[in-house]
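Reader: Could we go through this structure together? I would like to begin with the strands.

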Amino acid sequence: MARRTWLSLILLCAPAIAQAQNVPERLLPAGSQIFLRWDGVEPHRAAYNKSALGQFLSGDAGKFLAEVWKYGMGLLESQLPNLGVDANASLLLKEVPDTIFGVSKHGFLIGLEVESLNPPKARAVLVFPHYGGDKGVIALVKKASAMGNLPIQETKVGNRVVHHMSKAPVHVGFWTEPDDDAVFYIGTDAAPAYAESIGKGGFATSATYKKLAGFKEFETWGRAYVDIPSLLKTIGGLAPQAEQIIGDLGLKGLGGVTFQSGFDGPAERSILEIETPGPRKGLLALLNRKTFTLADLPPLPNDLTSISASNFNPKNLFEGIITIAETAVGVFAPGFDLREGIKQVEGILGVKLGDDLFGSFGDMSVSYSSGSEGLLSGVYLFKVNDEKKLAGAIDSLFAAIPQLPGLEVNLKKRDFHGGKLMELVLRTDQGDYSVGAMTIQKGWFMLGGLPQSVYGFLLRSKGELPTWKASPEVQTALAAFPKEFTAISISDPRPAVQFFLSLAPTALSLSNSFLPLALPGAPTFDLSVIPHAQYATRGLFPNVTVTTDDGKKIRSE
């Protein structure tokens, strides 16, 4: 009976043991607090080819990008003699593109484990699956090491040859595993010693790996994990003050961070989750769980290319800064009354920062990009609960700014279509410079780099310009998400890609005309491979990211 029981247990454990022995995660430190893996394209070729990303890169746009890479490498190669690079180095540089291509096919893994900071005891491992041997990344590094005359030693560890060198307290090494995995190591222990420990299963035996590997929502090609509690414990071990700061800030309420990325039909999907299992104290208590919908957004331009909105409240940021400052003062300068110091500053400014300024805002902020309001101009909007109090606080702040010799800071106001434009102007000896514009209108405070952004917002608020509405593509994507969320981001890659492709003929034509004159031997680019901008982007669609918070986990998908 006992023999049958043990046999059953062995049979049950055998698949897990075999999996730990075969997967490249076995080569990473068992206690890795930071883990990242990207599989590369080849293991997911079928799903990749069906995706919009795969189709974009396999079409005319991909051929163009390949030609740009070829052109860039040809330009570099033509100028190597002029740069004094010898023939061996030139040959080595020519191998770099093939090495990068190989990494893109097979992927890579990273594991970082920090046991202690005082004394330092840590190790980081980088793995390139199936890319060691004579033609892989190991071969390239060996050639570079030989050219640099680095003092590299060789040690036989089992059936591996570990190449390593040391300069205390740091040890570096690299080798090829029997299954052709390339391993690079850096740590406080000798590389041969780490290579000898690999047979124990490494990160592949951890509960974290099993959780990541068990993800089934969609086919993944990338995954990551950050063990925040373990990292905080390591940092807290530095000194009692560090442990106190971590506790006072409420960071012990944080759990692990996981990330999964992969394919779902034409879309590339990703999920980021931040666990908050402990009580939310300190900074975590400032996390806002208030939700909103698209209907709560302010009037936005109908040609926007990206939008990001969240329940962020500037007052929470202000309180967060105060919390961090009070924690630091309590540890390093006990007895100092930070709140009293803030009151004195407020007396000079004539504004109660927490109440009059930051307390005037509500629980929502928005930023967006729009071609009609300036390609390089950032635009930010914040929900306002008390417009009159906020306007008074802004006036008081600017009135308190001292006028310096040769530099005046002015807030110029003027009416525009029933609203009030406030323009921040710096007056110097060389002239006046507009450095920003703002307005308060219909429950929103708007800050932009250009007056035109404010013009657009005021006109849309009056119904004199069309406003943005979610396209059918965006509505279809949103159907898979909760109707209410704590944050949302929507961006359309097509305008940016089309803009780049529309500039490419002119830019590369100029390059063909002038580079050979400035750099003799420089190649010319074949302009006929540049695709038509609209045709090349026809398979792309808007990216949508939605964030929710159930009190125990923040999920961004």
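Author: Ser 491 stands opposite Asn 543 in E19. This is a predicted model, in which local features need pLDDT of at least 70 and side-chain atom pairs count only at pLDDT 80 or more, while totals for chains, interfaces and linings use all residues. Residues are numbered from 1 along each chain as its sequence is written, and side-chain values use heavy atoms, with hydrogens and water left out.

Reader: How many bridges pair E18 and E19?

Author: Five bridges pair E18 with E19 (residues 543-549), in the antiparallel sense. Strands pair if DSSP finds at least two bridges between them; strands (E, at least two residues) and helices (H or I, at least four) are DSSP runs, numbered from the N terminus.

Reader: And which residue stands opposite Ser 491 in E18?

Author: That is Ser 306. E11 (residues 304-310) and E18 (residues 487-491) run antiparallel, joined by five bridges.

Reader: New topic: how do H11 and H12 pack?

Author: H11 (residues 314-332) and H12 (residues 338-349) pack at about 130°, with axes 10 Å apart. Axes are lines fitted to C-alpha atoms, for helices over the stretch in contact, and angles run from 0 to 180 degrees between N-to-C directions. H11 is therefore oblique to H12; angles under 35 degrees count as roughly parallel, over 145 as roughly antiparallel, 65 to 115 as roughly perpendicular and the rest as oblique.

Reader: Which residues meet there?

Author: Glu 319, Ile 322, Ala 325 and Glu 326 in H11 meet Leu 338, Arg 339 and Ile 342 in H12, where contact means heavy atoms within 4.5 Å.
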